[in-house]
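Here is a brief report on a predicted model. Please look over the sequence and the structure first.

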Protein chains: 2
Amino acid sequence: MPRSARASHKRELTHAIAVLRARQLRITEPRRLILGALIADHGPFSMEEIHRLVKKSGCDLVTVYRSMPVLEEAGLVRRCDFGKGVVRYEFNHGDHHHHHIICRKCQKVETVDLCVADALERLVKQRGYTEVTHQMELFGICPDCQRNR
Amino acid sequence: MPRSARASHKRELTHAIAVLRARQLRITEPRRLILGALIADHGPFSMEEIHRLVKKSGCDLVTVYRSMPVLEEAGLVRRCDFGKGVVRYEFNHGDHHHHHIICRKCQKVETVDLCVADALERLVKQRGYTEVTHQMELFGICPDCQRNR
DNA sequence: TTTCGTGCAAAACCTTTGCAAAGTG
DNA sequence: CACTTTGCAAAGGTTTTGCACGAAA
């Protein structure tokens, strides 16, 4: 890892830990390990993959399952639902909103920095992908639920 | 059900059955039931919900699980992945591409007829939804996979 | 010291598979 | 009659839960 990357890695981790502290969440070894792994590589990673990255240090799969929602709640990681039950997590570098290109064959994930459907599809095709499709869902609180609060 | 709706329901079902026949798939009672249920109500429905609609006629949950991929392959239904492992199916009325608004509280699903992120979000807010977010992923065959075919 | 978080094991859950019987063409 | 499709039961894989111990504040 180049020196600058290592420095920024450390800065991100320090900041993430400060966020945990501010939320009165405990700074534990598993949480440090998981955050470190996600900062080191963009991923996004599945539960299994995260576990593979931290189990050598003794962090259990169950702990990964329990930690990710906590870290997401704290705004430190972002959850990506890729359909077919595939869930992955990536470190949340600020509010930078982006999408992913997932190869339907090898499942490789790449990042895309735009956010409008057509422009996105065009960009993805320019990257050499074929048979491009997209899937998108919107979420919100419906009027009924706002009333019955 | 109004007379016109019933007539169009029958037309859709007849067409769907013709598609099955054209594909040399057998016209069975469970398949008729499932298609009928999806044509009668846009849904989209989960496996459980579809099963609830057809089990009184003796159609098993396993049969629903086995039928949906077949019907999807035939282009008769569309699969919607709503994240968190939630999968739903809706009847495929032609090639009409659309998205959904899912209430994060009650899970109610509504249909949206546009297909660009920003326009969509605006429209959803106009419908009275608050805290609107969207989730979108792209899929394609990556250059590597095209080569290693 | 008090509370929170973890590991391990077991339970729960949803989806898939095996197989004999029934249904379709 | 040949081949699909189905129902039931059982297996499989992933995610969640219970609980006692250990760690953080």
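## Around Asp81(B)

Beyond its neighbours within four places in sequence, Asp81(B) touches residues of both chains: Gly83(A), Lys84(A), Gln135(A) and Glu137(A), together with Val86(B) and Val87(B). Asp81(B) belongs to strand E1 of chain B, which covers residues 77-81. Is Asp81(B) buried or exposed? Its relative accessible area is 9%. The cut-off for buried is under 20%, so Asp81(B) counts as buried. The side chain of Asp81(B) also makes a polar contact of 3.1 Å with the side chain of Arg79(B).

## How the two chains relate

Two copies of a chain are related by a rotation about an axis and a shift along it.

## A helix pair in chain A

Helices H2(A) and H3(A) pack with their axes 9 Å apart, at an angle of about 110 degrees. That makes H2(A) roughly perpendicular to H3(A). The table sets out the two sides of the contact.

| Helix | Residue range | Residues that meet the other helix |
|---|---|---|
| H2(A) | residues 29-40 | Leu33(A), Ile34(A), Ala37(A), Leu38(A) |
| H3(A) | residues 47-54 | Ile50(A), Leu53(A), Val54(A) |

By class, the contact of H2(A) with H3(A) has seven nonpolar residues, no polar ones and no charged ones.

Definitions and conventions:
Residues numbered from 1 in each chain as written. Chains lettered and ligands numbered in written order. Predicted model: local features only at pLDDT ≥ 70, side-chain atom pairs only at ≥ 80, totals over all residues. Heavy atoms only, no water. Helix = DSSP H or I, 4+ residues; strand = E, 2+ residues; numbered from the N terminus. Buried < 20%, exposed > 50% of the residue type's maximum accessible area, 1.4 Å probe, protein only. Polar contact = N/O pair within 3.5 Å; in protein donor to acceptor, adjacent residues only side chain to side chain. Contact = heavy atoms within 4.5 Å. Axes fitted to C-alpha atoms, helices over the stretch in contact; angles between N-to-C directions. Parallel < 35°, antiparallel > 145°, perpendicular 65-115°, else oblique. Nonpolar A, V, L, I, M, F, W, Y, C, P; charged D, E, K, R; others polar.
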